[in-house]
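Biologist: Please take me through one part of this model slowly. I would like a close look at the place where the two chains meet, and then at what lies behind it.

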Amino acid sequence: MRDYLTFLWRVWRVSWQGSWKFYAWMIFLSVLVLVGVNAWARQFVQGLATTGMTDQVSWGAYIANFTFLVGVAAAAVMLVIPAYIYKKDYMHEVVLFGELMAIAAIVMCLLFVTVDLGHPERFHHMIPPFGIFNFPGSILSWDVIVLNGYLLLNLHIAGYMLYCRYRGTAPTKKFYIPFVFLSIAWAVSIHTVTAFLYVGLAGRAYWHHPLVPARFLASAFVAGPALMILAFQIIRRVMRYDIGDKPIFTMRMIMTVLLRPARPQRPGAVDLDGHCAGCHWAAVPGHAPEPPYRRAEHRLRDLFCGDLDREGHGADHPRLCAVAAGPDCGIPADPE
Amino acid sequence: MSDAPKNIVSPQTIEQVYKPMNRRTFLKGTAGAMVGMAGLVAALKPLLALEKGEISLDDLLQKHYRQLSPEDLQRIMTMLEKRCEKQYGVRPTIQDLKPMDGVQFGYALNLTRCVGCRKCAHACLAENNQSRDYDDDLSMSYIRVLEMNKGAINLETSTAYYDPELVPQKDKYYMPVQCHQCKDSPCTKVCPVQATWQEKDGIVVVDYNWCIGCRYCMAACPYDARRFNYQKPTIKPEAINRNQDYLSNRIRPKGVVEKCTFCLQRTRAGKYPACLEVCPTGARVFGNVLDPNSEINYILNNKRVYILKEDVGTLPRFYYYFDV
């Protein structure tokens with residue numbers, strides 16, 4: 001324990017050292033942070049009117065940014081799964097970057113929520129015993145739990161792995177493997193719960209759709225690896241850290257598979273969260289042409305099979321298709 | 001494709017990792033820290049503009065309305081009266097009227113009679129002390145009157161911003177929308193801190209001293225019934241209604257959500273809501289639905305009643321009806 005604290009202290013010290021480029025970059029970021037702190041301080045005094053945003057824009061702008069960052073955090077599992085489930089050794093060299101990115105993204109999520117509050121100084125109203133935590137009634141309280149849980153999981157895993165590297169010892173499995181597998185399920189939960197922030201609202205008929213979480217995850221699992229590829233390219237150019245090509249190819253493959261369910265589909269083909277032109281009212285009670293469970297089934301099939309029967313190019317990921325839709329889909333279960 | 005990378009870290013001594021601390025690095029570090037702190041202080045400078053006593057320790061330690069003892073509540077209400085006098089120059093009387101036994105309020109609005117004059121929306125402002133940038137600023141009024149095209153009850157083709165010389169206009173009809181005080185209210189469910197809840201007479205209220213201002217309830221409401229105080233409410237002293245209730249029309253702090261309470265400061269004292277009293281066509285009917293002889297009961301039993309957005313399933317206590 002004492003050793004771990006020494007480790008943290010040394011991490012803290014070493015994080016202040018670098019070349020002039022490092023200092024220039026950190027100063028630049030610090031200036032941006034201070035500009036943000038200043039804007040927030042003004043908003044705290046004057047109220048949210050400072051931004052000039054109206055009802056419709058204000059909540060939407062913050063929650064959209066929040067959701068995006070939740071997606072980035074959840075996408076860290078796209079590095080964890082190849083490393084720990086498929087046991088790709090080369091991914092172990094980079095999985096830590098994914099976990100660290102998740103930590104940064106979650107911290108930004110929590111900050112987005114905080115700056116969006118009308119009364120941030122009353123934040124303790126949510127924490128028992130000072131306040132009332134409306135769980136499980138409010139889906140927002142679920143989000144608080146899953147986000148902070150994911151943050152702790154990743155802090156533990158990343159911290160432990162770095163500590164072992166610092167000690168030069170091999171990590172003990174029981175200290176991190178259970179947490180790694182928990183974090184895989186947990187990553188799915190953070191974006192699912194975030195999607196249900198919208199799906200469950202009576203006032204937001206536009207989002208009444210059972211597959212919003214699936215769509216959120218699919219797009220996050222494309223956007224996250226995309227960001228990681230950019231990060232890898234920068235890391236291997238500016239740092240003496242060998243990443244190799246394989247992790248990048250793996251990320252590329254994941255993106256290719258998931259682009260299908262994540263991309264907006266052509267009008268008429270049923271879209272996942274009902275956002276394509278002309279068909280979003282199909283998701284609204286009273287406008288639905290068929291009962292919800294039928295809709296969900298059709299869209300699941302559309303998600304994984306695409307418009308196979310109609311245009312014949314749905315076979316770009318037959319494995320998923322076979323898993324999701326079974327023999328109905330008309331695709332051999334195992335193409336290999 | 002390259003082979004799996006080898007990032008083997010050779011053991012390093014502390015001296016190899018850290019630059020040695022000497023006079024020069026120490027001074028540089030101190031100077032950097034000073035500049036950083038100065039920057040942070042400068043960035044936080046706007047906080048000095050907070051009014052003295054705006055966030056007191058008492059405020060931060062105050063409990064939820066339903067956990068307050070009667071003495072504590074009385075003390076807080078007296079404090080709020082004083083604060084209002086200091087900030088707005090008018091000393092109100094803040095009380096805390098409790099729901100009555102055997103009463104559940106219901107509200108019905110006659111779409112055949114409503115002419116869209118918006119007198120109800122203005123009366124709401126006069127009664128409930130909402131913030132306003134100018135005298136007729138209806139943006140915080142709890143009532144939005146929608147101008148609808150004849151032929152359908154279609155909210156998508158309606159407008160709340162109609163402004164003709166005379167109402168009603170040809171081929172239009174009018175639908176005032178305010179809080180429906182739903183029995184299965186989505187706004188109270190989503191609140192992460194239970195700052196809003198339904199009282200036993202059916203009125204959905206907000207504890208303005210507990211609300212954290214996350215506005216999730218506004219996103220959940222299908223009727224656009226909730227308003228947010230984006231800044232400290234602006235209201236002229238002569239426009240302030242001094243008859244105030246803790247859970248209803250007292251002047252709100254900035255950064256909290258407020259809403260229609262069926263004027264509980266009036267209706268729990270046996271009066272009608274302000275919007276009903278002012279209606280020139282008698283389109284509004286309010287009363288106790290548990291009373292078999294009430295007018296509201298007669299309307300619900302005998303008229304053609306319409307529930308707005310019945311399909312979202314929130315079970316409103318606000319009904320529209322048609323005369324035939």
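Modeller: Start with Arg215(B) and Asp116(A). These two residues form a salt bridge, and their closest N and O atoms are 2.7 Å apart. Keep in mind that this is a predicted model. Across the interface of chain B and chain A, the rule finds one salt bridge.

The most comes from α2(B), with five residues. By type, the side of chain B that touches chain A divides into 38 nonpolar, 13 polar and seven charged residues.

Now take the contact as a whole. Chain B puts in 58 residues and chain A puts in 59 residues. The two chains bury about 5,000 Å² between them, and 60% of that is on carbon and sulfur atoms. On the chain B side, Tyr18(B), Tyr216(B) and Tyr230(B) lose the most area to chain A. Together they make up 15% of what that side buries.

Tyr216(B) turns up again in the largest nonpolar core. That core has 92 residues, and Tyr216(B), Tyr150(A), Ile190(A) and Phe221(A) touch the most other members. Its largest share, 11 residues, comes from helix α9 (residues 212-238) of chain A. Look at Phe221(A) in detail. Leaving aside neighbours within four places in sequence, Phe221(A) is in contact with Ala74(A), Ala75(A), Val77(A), Met78(A), Ile254(A) and Leu258(A). There is also a second, separate core of 50 residues, which includes Ala160(B), Tyr162(B), Cys182(B) and Ile203(B). In soluble globular proteins, nonpolar side chains tend to be buried together.

Next, step back into chain B. Chain B has 10 helices and 12 strands. Of its 324 residues, 50% count as buried.

Ala123(B) gives one example. Ala123(B) lies in helix α5 (residues 119-128) of chain B. Why does Ala123(B) count as buried? Its relative accessibility is 13%, and buried means under 20%. Ala123(B) touches Ala274(B) and Val278(B), not counting residues up to four places away in sequence. Ala123(B) and Ala274(B) are 151 residues apart in sequence, yet 5.9 Å apart in space, C-alpha to C-alpha.

Salt bridges also link parts of chain B. Arg268(B) pairs with Asp201(B), with the closest N and O atoms 2.9 Å apart. Arg268(B) is in the loop between α8 (264-267) and α9 (274-278) of chain B, and Asp201(B) is in the loop between β5 (196-198) and β6 (204-206) of chain B, so the pair ties together parts that are 67 residues apart in sequence. Are these two residues buried or exposed? Both Arg268(B) and Asp201(B) are buried.

Compare Asp323(B), which forms a salt bridge with Arg113(B) at 3.8 Å between the closest N and O atoms. Asp323(B) sits in the segment after β12 (318-322) of chain B, and Arg113(B) in the loop between β2 (105-110) and α5 of chain B, 210 residues apart. Asp323(B) is partly exposed, at 27% relative accessible area. Arg113(B) is partly exposed too, at 40%.

Note on methods
Residues are numbered from 1 along each chain as its sequence is written. Chains are lettered from A and ligands numbered from 1 in the order in which they are written. This is a predicted model: local features need pLDDT of at least 70, side-chain atom pairs count only at pLDDT 80 or more; totals for chains, interfaces and linings use all residues. Side-chain values use heavy atoms; hydrogens and water are left out. Contact means heavy atoms within 4.5 Å. Buried area is the accessible area (1.4 Å probe) that two parts lose on being put together, summed over both. A salt bridge is a side-chain nitrogen of Lys or Arg within 4 Å of a carboxyl oxygen of Asp or Glu. Helices (H or I, at least four residues) and strands (E, at least two) are DSSP runs, numbered from the N terminus. Ala, Val, Leu, Ile, Met, Phe, Trp, Tyr, Cys and Pro count as nonpolar, Asp, Glu, Lys and Arg as charged, and the others, Gly among them, as polar. Buried means under 20% relative accessible area, exposed over 50%, partly exposed in between (1.4 Å probe, protein chains only). A nonpolar core is a set of buried Ala, Val, Leu, Ile, Met, Phe, Trp, Tyr and Cys residues joined through side-chain atoms within 4.5 Å.
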